[in-house]
Amino acid sequence: MGDGIPGAAEGPARPVGAGSARTYVTLDAEGTPATVGVRLDAAALDGLPDGVLPVTEAYVLDLPTEANSTPFDHVTVDWNSRGHNPEHGFDVPHFDVHFYLLDRTTVESIHPLAPGYFQAAPRLPDPRYLPPGYAPDGNPLTATVPGMGLHWLDTTEAEHHFTERVLYGSWDGRQAFIEPMMTREWLASRPALEEQLPQPPAYQRAGLYPTTYAVRWDEATQTYTVELGGLTMREAS
């Protein structure tokens, strides 16, 4: 917990690799959520699933009830042993941290065999609900990832060796998630990153939305944190 943050609430721990991960919410002096994030202990980067073929493992993390005034329902930490989508350089071992705005049942129902899939998949949100410069990563019917949604990439970001990026996601005309991605190698370097989070011009529902994004190593607690901060009330429009 950083200086000036008088309180925090944590979700239950979930085994990840040889360690564990859990969500947290920090609160300001009035008890209003200021940040929401995921904390992984140092051992979570070791003993991760791997094999001859690529392995993807999703660790579902519940949020504490103090997150109810944010738009987020739950978080998943997805481990990709060989990565995915080489077109963007994502074919290296990395983590996807999905902060989902959709409930778990809806996310799990995103599958080509589910009724209504082929009507819902191409239904995109109004552009004002995504940050300027973000665009779908392919044709929605073929690029939508089962159990996740359609990923949107920042087209204004210069192509470079992938270490970390922030993606957005959609499903059935709604914003589905905000997704920091980072390589295991970069996270293990114990980075200290904090930057502004790209903002959409409008919001589909009211809540406390993040304006910053940070990834840090905390020497005192021996943990990595992936955090969405600067939570600010936004009205639906």
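Mentor: The dialogue below goes from the overall fold to salt bridges, a pocket and some loop residues. This is a predicted model, in which local features need pLDDT of at least 70, side-chain atom pairs count only at pLDDT 80 or more, and totals for chains, interfaces and linings use all residues. Residues are numbered from 1 along each chain as its sequence is written, and side-chain values use heavy atoms, with hydrogens and water left out.

Trainee: How many helices and strands does the protein chain have?

Mentor: Helices (H or I, at least four residues) and strands (E, at least two) are DSSP runs, numbered from the N terminus. In this protein chain there are four helices and 16 strands. The radius of gyration is taken over C-alpha atoms, and the globule rule is 2.2 Å times the number of residues to the power 0.38. For the 237 residues here the rule gives 18 Å and the chain has 17 Å, so the chain is as compact as a globular protein of that length. Along the principal axes, its C-alpha atoms fill a box of roughly 50 × 50 × 35 Å.

Trainee: What share of the residues counts as buried?

Mentor: Buried means under 20% relative accessible area, exposed means over 50%, and partly exposed lies in between (1.4 Å probe, protein chains only). Of the 237 residues, 49% count as buried. A further whole-chain figure concerns contacts, meaning heavy atoms within 4.5 Å. Among contacts between residues at least 6 apart in sequence, 56% join residues at least 24 apart.

Trainee: How many salt bridges does a search of the whole structure find?

Mentor: A salt bridge is a side-chain nitrogen of Lys or Arg within 4 Å of a carboxyl oxygen of Asp or Glu. The search finds 11 of them. One of these joins glutamate 10 to arginine 22, with the closest N and O atoms 3.6 Å apart. Glutamate 10 belongs to strand 1 (residues 7-10) and arginine 22 to strand 3 (residues 19-27), so the pair ties together parts that are 12 residues apart in sequence. Glutamate 10 is partly exposed at 44% relative accessibility, and arginine 22 is partly exposed at 28%.

Trainee: Which parts does the pair of aspartate 46 and arginine 184 tie together?

Mentor: The side chains of aspartate 46 and arginine 184 form a salt bridge with an N to O distance of 3.2 Å. Aspartate 46 is in the loop between strand 4 (33-41) and strand 5 (56-62), while arginine 184 is in helix 4 (residues 184-188), so the pair links parts that are 138 residues apart in sequence. Aspartate 46 has a relative accessible area of 40% and is partly exposed; arginine 184, at 26%, is also partly exposed.

Trainee: What distance separates N and O in the salt bridge of aspartate 126 and arginine 128?

Mentor: The distance there is 3.7 Å. Aspartate 126 is partly exposed at 39%, and arginine 128 is partly exposed at 36%. Salt bridges can also share partners: in this way Glu10, Arg22 and Arg39 are joined into one network.

Trainee: How much space lies in the second largest pocket?

Mentor: On a 1 Å grid over the protein atoms alone, a pocket is an open set of points where a 1.4 Å probe fits, with protein on both sides within 12 Å along at least five of seven lines; lining residues have an atom within 4 Å of a point. Grid points are joined across faces, edges and corners, and a volume is the space filled by probe spheres set on the points. The second largest pocket holds about 190 Å³. Its lining has 15 residues, of which His84, Asn85, Asp137, Val145 and His151 are the closest to the centre. Strand 9 (150-154) and strand 11 (174-183) are the elements that give two or more residues to this lining.

Trainee: Where is aspartate 172 found?

Mentor: Aspartate 172 is in the loop between strand 10 (164-171) and strand 11. Its phi is near 50 degrees, a positive value in a residue other than glycine. Glutamine 222 likewise has a positive phi, near 55 degrees, and lies in the loop between strand 14 (212-218) and strand 15 (223-229).
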